[in-house]
Amino acid sequence: FVSDGILPSVTSRDGVTHAVGFSHTLAPYRRFLDTITAGIDLRRADVEGSDFAFDGLSVFAEAQIPIVATVELTVRGGWGYRDYRRFEFVPSRNENVWQAGGELRKRFSEHVSIAAVVDYDFFDSDNVLFAAERYVAGLQLRLEN
């Protein structure tokens, strides 16, 4: 990142983040349920600033629901925990991260689709400086081979 802040040992986000995840998808192919996916992710943000270095674990699930032949709804949710192991202040920055979202996708062909996407993240921390909510919404055009 260009700016490391006024005290880089605390505020810098420079460094490396490692992530590994596993998921499994079941495809029951029912009228109102195409697939169910569940998984787990592990993350380690090994960055310079003590405000941003964390170890994290998250679990998630997703379901794809066919509406009609060319339209599908995907709903997803998850929970995670981040341990800010080097955070220097009180109260702790450790946080639960709650996630929910969905998309409504219309397929025009085997290779082209468009979706309306909405996602919500809630960063639940006892430290009010880092507790936050995030909403993301938009359109996604997908071109696949």
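Colleague: Is Leu57 buried, exposed or partly exposed?
Modeller: In this predicted model, Leu57 lies in strand E3, strands being DSSP runs (E, at least two residues) numbered from the N terminus. Buried means under 20% relative accessible area, exposed over 50% and partly exposed in between (1.4 Å probe, protein chains only). The relative accessibility of Leu57 is 34%, so this residue counts as partly exposed.

Colleague: Good to know! How are residues numbered, and what pLDDT do local features need?
Modeller: Numbering starts from 1 along each chain as its sequence is written, and side-chain values use heavy atoms, without hydrogens and water. Totals for chains, interfaces and linings use all residues, whereas side-chain atom pairs count only at pLDDT 80 or more, and local features need pLDDT of at least 70.

Colleague: Where is Tyr29, and what is its phi?
Modeller: Tyr29 sits in the loop between E1 and E2. With a relative accessible area of 62%, Tyr29 is exposed. Most residues other than glycine have a negative phi. Tyr29 is not a glycine, yet has a positive phi of about 50 degrees.

Colleague: Which residue does a cis peptide bond join to Val90?
Modeller: Most peptide bonds are trans. Look in the loop between strand E4 (71-83) and strand E5 (95-107) for Pro91. With omega about 0 degrees, a cis peptide bond joins Val90 to Pro91.

How values were computed
Helix = DSSP H or I, 4+ residues; strand = E, 2+ residues; numbered from the N terminus.
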